[in-house]
Amino acid sequence: MSEIRPTISFTVNGEKHAVEAPPMKRLLDVLREDLHLTGTKEGCGEGECGSCSVRMNGELVNSCLVPALQAEGAWIETVEGLGKVGELHPIQQAFLECGGAQCGICTPGMLMATAQLLSVNPHPTIEEIREGLAGNLCRCTGFKRIFDSVAAAAGQMDSTVSMGGTHAG
Amino acid sequence: MRGNAESHKLIAPGSLAEVLELLSSEPAEWTPIAGGTEIMVAYAAGRLCEKKLVSLWGLDELRFVETLGDSIAIGAGTTFRDLRTHASVESGAPLLAKAATWIGSIANQSRATIGGNLANGSPAADSSPALLVYDAEVELISVRGKRRIPYCEFHTGYKRNAMAADELLYAVHVPLRFAAHKQYVRKVGTRRAMAISKVALAGTALLKEGEVNEIRIAAASLAAFPARLYKTEAALRGGPIDRDTIREAQGALMAEAKPIDDIRSTAAYRSRVAANLLGEFLTELLAAEARP
């Protein structure tokens, strides 16, 4: 059944891509292997840990659970689209300053879940932060510093910072 | 063993009519996949038996919430994110809106659909208890047309349902006539997010002159599929709510429940906690009645 290898077109971090891939290839693998965007991590590979979180059409998704074909035409944002070295996004800066990252495997997912949360709720309560990041597991920090980072980011974000917004795909 | 993308076929016909035509021309050959939160987990683990998948993701014809007269029509492709943020679901079917918030996590809610939740048929399905106590109906569609059946008749056994091989879940219809009822839903799991329920219980009830006029109680993870607890309801219908009747109803529930021991909990725990949840619901019902 490998005869069908369609070209799947989508936009990642504002850049258009066309990838030839089996339709069932996971978006996670397309990002990492075909586009070499290795910021998105694989943890559990079954939608439980959130390490592979990316934004798709303005919604947070686990990229390990998205078959490539379902990303056709989508607007995708990965951690590489948030900021860059020397020009960190306020969320990244807050994680850095508050000690929100330790081993780092969960961090890209935490950052994307935070970006999603703050895009729909710029001033979340601690309960809302806990809920927004409930699908992202960290085995190092104990979460306190991560939640502090999100709260700090929310305090630092201003209207001039683009959160990616929502896109119709 | 990991899933191999080359060994599964996935197509996205692009319209509901084309999907139905495919299901009709090759019945039982194709497995629908919507948000993939169930199928992709099995795929990743290398245990997805289905080799031919047809995508429903992105079909606008299946993704809608509409208030039609005395009920809300919810398209099978509506995500739990849609449900928890839709004002008419919040006001008209608050138990369903609440259940939508405790499904998986935000990332799962963005992708998981109500149709997938029901068609998958897990005994622990999160949206089911609420739909059962609202007397919801499900609408099935095929090239032969549409038909509606009570949701309480949809599940026919463990992971079995009333759909024919060429049928697809089209919509769920939730009646709006429960506004005056006392409503209750609670899930018990290991943690609030990302937990499959150990047990969940929902109820709607209406008292008249101190006696139970209408009552519906439904549970998840108490049997092979989510179901109403008819004998427990019967134990309460027509009588008053007091300490004795609550205790009797709890006894009826524990006799009626058929839970199992599994990785998440034990049968004994499930029955006991379900009885406690029933006690909480009935106590709230009593308190609401006592208020002037």
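Visitor: How many helices and strands does chain A have?
Guide: Helices (H or I, at least four residues) and strands (E, at least two) are DSSP runs, numbered from the N terminus. In this predicted model, the secondary structure of chain A comes to five helices and five strands. Starting at the N terminus, their order is β-β-α-β-β-β-α-α-α-α.

Visitor: What is the mean pLDDT of chain A?
Guide: pLDDT is the predictor's confidence in each residue, from 0 to 100. For chain A the mean is 91, and 90% of its residues reach 70 or more. Over residues 159-169 of chain A, however, the pLDDT is below 50; this stretch has 19 contacts in the model beyond near neighbours in sequence. Two residues are in contact if their C-beta atoms, placed from the backbone, lie within 7 Å. Where pLDDT is low, the predicted coordinates should not be read in detail.

Visitor: What share of chain A is buried?
Guide: A residue is buried if 20 or more other C-beta atoms lie within 10 Å of its own, exposed if 12 or fewer, and partly exposed in between, with C-beta atoms placed from the backbone. Buried residues account for 50% of the 169 residues in chain A.

Visitor: Why does A:Ser9 count as partly exposed?
Guide: A:Ser9 has 13 C-beta neighbours inside 10 Å, so it counts as partly exposed. A:Ser9 belongs to strand 1 (residues 7-12) of chain A.

Visitor: How do I read a hairpin?
Guide: Start with pairing: two strands pair if DSSP finds at least two bridges between them. Strand 3 (residues 53-56) and strand 4 of chain A pair in the antiparallel sense over four bridges, and A:Met56 stands opposite A:Glu59 in strand 4 of chain A. These two strands form a hairpin with two residues between them, and A:Asn57 in the turn has a positive phi of about 50°.

Visitor: Which way do the residues of strand 4 of chain A point?
Guide: In a regular strand the side chains alternate between the two faces of the sheet. Here A:Glu59 and A:Val61 point one way from strand 4 (residues 59-62) of chain A, A:Leu60 and A:Asn62 point the other way, and all are buried.

Visitor: Now chain B. In what order do the three strands of its open parallel sheet lie?
Guide: The order is 1-3-2, with parallel pairing. Strand 1 and strand 2 (31-33) of chain B are at the edges with a single partner strand each, so one side of each has no neighbour in the sheet. From one strand to the next, the twist averages 30°. Strand 2 of chain B is joined to strand 3 (residues 52-55) of chain B by three bridges, and B:Ile33 has B:Ser55 as its bridge partner.

Visitor: What is the order in the open sheet of four strands?
Guide: That sheet, also in chain B, has the order 11-12-13-14 with antiparallel pairing. Its edge strands are strand 11 (182-188) and strand 14 (227-228) of chain B. Seven bridges link strand 11 of chain B to strand 12 (residues 199-208) of chain B, where B:Val188 stands opposite B:Val199.

Visitor: Which strands does helix 11 of chain B lie across?
Guide: Axes are lines fitted to C-alpha atoms, for helices over the stretch in contact, and angles run from 0 to 180 degrees between N-to-C directions. Helix 11 of chain B lies across strand 11, strand 12 and strand 13 (211-220) of chain B, at about 30° to strand 12 of chain B.

Visitor: Which residues touch the most other members of the largest nonpolar core?
Guide: In soluble globular proteins, nonpolar side chains tend to be buried together. A nonpolar core is a set of buried Ala, Val, Leu, Ile, Met, Phe, Trp, Tyr and Cys residues joined through C-beta atoms within 7 Å. The largest one has 143 residues, of which B:Leu96, B:Ala274 and B:Leu278 touch the most other members. Helix 11 (residues 267-290) of chain B gives the largest share, eight residues.

Visitor: How many residues of chain B are in contact with chain A?
Guide: 28 residues of chain B are in contact with 28 residues of chain A. Helix 2 of chain B gives the most to its side, with four residues.

Notes: Residues numbered from 1 in each chain as written. Chains lettered and ligands numbered in written order. Predicted model: local features only at pLDDT ≥ 70, side-chain atom pairs only at ≥ 80, totals over all residues.
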